[in-house]
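Biologist: I would like to learn how to read a protein model one feature at a time. Could we look at it together, with the general idea stated before each case?

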Amino acid sequence: MYTLGEFIIKKNRYCFSSSTETLLRLFSSIKLAAKAIHKEVNKAGLTEKMGDSGITNIQGENQKKLDEFAHKAFIKAFKNRNVVCGIASEERKNFIIIKEKKENILKNQYIVLIDPLDGSSNIDVNISIGTIFSVYMRKSSIKMNLTIEDFLQKGNQQVLAGYIMYGSSTILVYSSGNGVHGFTLDPSFGTFYLSHSNIIFPKMGKIYSINEGNSEKFPNGIRKYIKFCKEKKENRPYTARYIGSLVGDFHRNLIQGGIYIYPKTDSSPKGKLRLLYECNPMAFLSEQAGGKASDGKQRILDIEPTKLHQRTPFVCGPIGMVSKLEEFMYCEY
Ligand code: AHG
Ligand code: MN
Ligand code: MN
Ligand code: MN
């Protein structure tokens, strides 16, 4: 069984999408924070880690204690490694600059965007939650200060993206532009072992995932697509599955075959999910797994971001399913 580190070394011998050393250094921080969160999530009911932190975050949400714990775990883990120069998080208004350590001979050149705890509404009820991460190369010169443009890069510029799902087991799934691979944590060793190599979306799935409670507020094209999912024709009706944790819903659909939809609604005309912390990394993984991700009309990875906490409608899954939904969206006009 390969550990994550062994796998990266072996894989990059043949295909360098970013250097082996950089990936190893990035993952040394990501694994450390993931293990700290795994541990905390697993004993949340015993350690007063459930419930609200008492803060309303920049998203206008009641921040949970574990949202804050996870945010701090990642910041700390990245601060202690010489690889990342800036982090933007769902839980903070502004990006955070990581100062270079004096002894550092390699320059910190990477930008990280994170959703430290995804699905926080599920924390208190013991349902799977996750972390989503996205990594870019900085655009500005290393001699200059970081600027907002370093963070507002199109998703197609990502060098690494992935998620950790704290589920019945803890699994880390990533892509550095060379397929999608999953590693399950063996908690007794504290080591991530390769459990899912080269994950590919099943060609045509049978699952649709959407918060249907909002359907009265959906665009017509989405309502018609949901009707289509329920028709008794060909391989339909599809099965409805929705956890309310993007990481969990995405992971199930990736393995079993399904479409995930979070459309715009009358009350959220830009959608709910965040382009930089949620949609871009999931879109990158979708494409790397042979699938597709769009806002219903255009490719997510081609959207030019204008704001750190920008939201977008989001659809991802097997190409056939996403393209079918897009047909319904185009028919609206
Ligand atoms: P977060 O917990 O990071 O704020 O993300 C919540 C997101 C996402 O995880 C999930 O798919 C979606 O919100 C659920 O929204 P609804 O409750 O509106 O369905
Ligand atoms: Mn949130
Ligand atoms: Mn989220
Ligand atoms: Mn979150």
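Biologist: How far apart are the centres of domain 1 and domain 2?

Modeller: This is a predicted model, and in it the centres of the two domains, taken over C-alpha atoms, are separated by 23 Å. Domain 1 covers residues 4-199, and domain 2 covers residues 207-331.

Biologist: How many residues of domain 1 are in contact with domain 2?

Modeller: A general remark comes before the case: the size of an interface is often given as the accessible area lost when the parts come together. Here we count residues instead, and 36 residues of domain 1 are in contact with 28 residues of domain 2. On the domain 1 side, the elements that give two or more residues are β5, β6, β7 (160-166) and β8 (170-175). The largest share of that side, five residues, comes from β6. Sorted by class, the side of domain 1 that touches domain 2 has 17 nonpolar, 15 polar and four charged residues.

Biologist: Which residues are around ligand 1, and which domains do they come from?

Modeller: The shell around ligand 1 consists of Glu61, Glu90, Asp115, Asp118, Gly119, Ser120, Asn211, Gly244, Ser245, Leu246 and Lys272. At least three residues of this shell come from each of domain 1 and domain 2. By class, the shell around ligand 1 divides into one nonpolar, five polar and five charged residues.

Biologist: Which residues does UniProt list as "binding site"?

Modeller: Such a record has to be read with care, because annotations may be inferred rather than shown by experiment. In an unreviewed entry, UniProt lists Asp118, Gly119, Ser120, Ser121, Asn211, Tyr242 and Lys272 under "binding site". Of these, serine 121 sits in the loop between β5 (110-118) and β6 (129-137), and it counts as partly exposed, with 13 C-beta neighbours inside 10 Å. Asparagine 211 belongs to the loop between β11 and α4, and it too counts as partly exposed, with 14 C-beta neighbours inside 10 Å.

Biologist: Where does UniProt place the "binding site" feature that includes Leu117?

Modeller: The unreviewed UniProt entry places that feature at Glu90, Asp115 and Leu117. These residues span 28 residues in sequence, yet no two of their C-alpha atoms are more than 8.9 Å apart, so they gather at one spot.

Biologist: Is glutamate 90 buried or exposed, and what about leucine 117?

Modeller: The way to decide is to count neighbours, because a residue is called buried if 20 or more other C-beta atoms lie within 10 Å of its own. Glutamate 90 has 26 other C-beta atoms within 10 Å and is therefore buried, although it lies in the loop between β3 (84-89) and β4 (96-97). Leaving aside its neighbours within four places in sequence, glutamate 90 is in contact with Gln59, Asp115, Pro116, Arg274 and Tyr277. Leucine 117, found in strand β5, counts as buried with 31 C-beta neighbours inside 10 Å. With the neighbours within four places in sequence again left aside, the contacts of leucine 117 are Lys64, Leu66, Asp67, Ala70, Ile129 and Thr131.

Biologist: How should I read a helix, and which residues of α3 are buried?

Modeller: An α-helix has 3.6 residues a turn, so residues three or four places apart point the same way. Helix α3 (residues 65-79) has 15 residues and reaches 21 Å from its first C-alpha to its last, close to the 21 Å expected at 1.5 Å a residue. In α3 the buried residues are Lys65, Leu66, Asp67, Ala70, His71, Ala73, Phe74, Ile75 and Phe78. For helix α5 (residues 246-256), nine of the 11 residues are buried, so this helix is largely enclosed by the rest of the structure. After α5 comes glycine 257, whose phi is positive, near 95°.

Notes
Residues numbered from 1 in each chain as written. Chains lettered and ligands numbered in written order. Predicted model: local features only at pLDDT ≥ 70, side-chain atom pairs only at ≥ 80, totals over all residues. Helix = DSSP H or I, 4+ residues; strand = E, 2+ residues; numbered from the N terminus. Expected span 1.5 Å × (residues − 1). Buried ≥ 20, exposed ≤ 12 C-beta atoms within 10 Å, placed from the backbone. Domains from an automatic or database assignment. Contact = placed C-beta atoms within 7 Å. Nonpolar A, V, L, I, M, F, W, Y, C, P; charged D, E, K, R; others polar. Near = placed C-beta within 6 Å.
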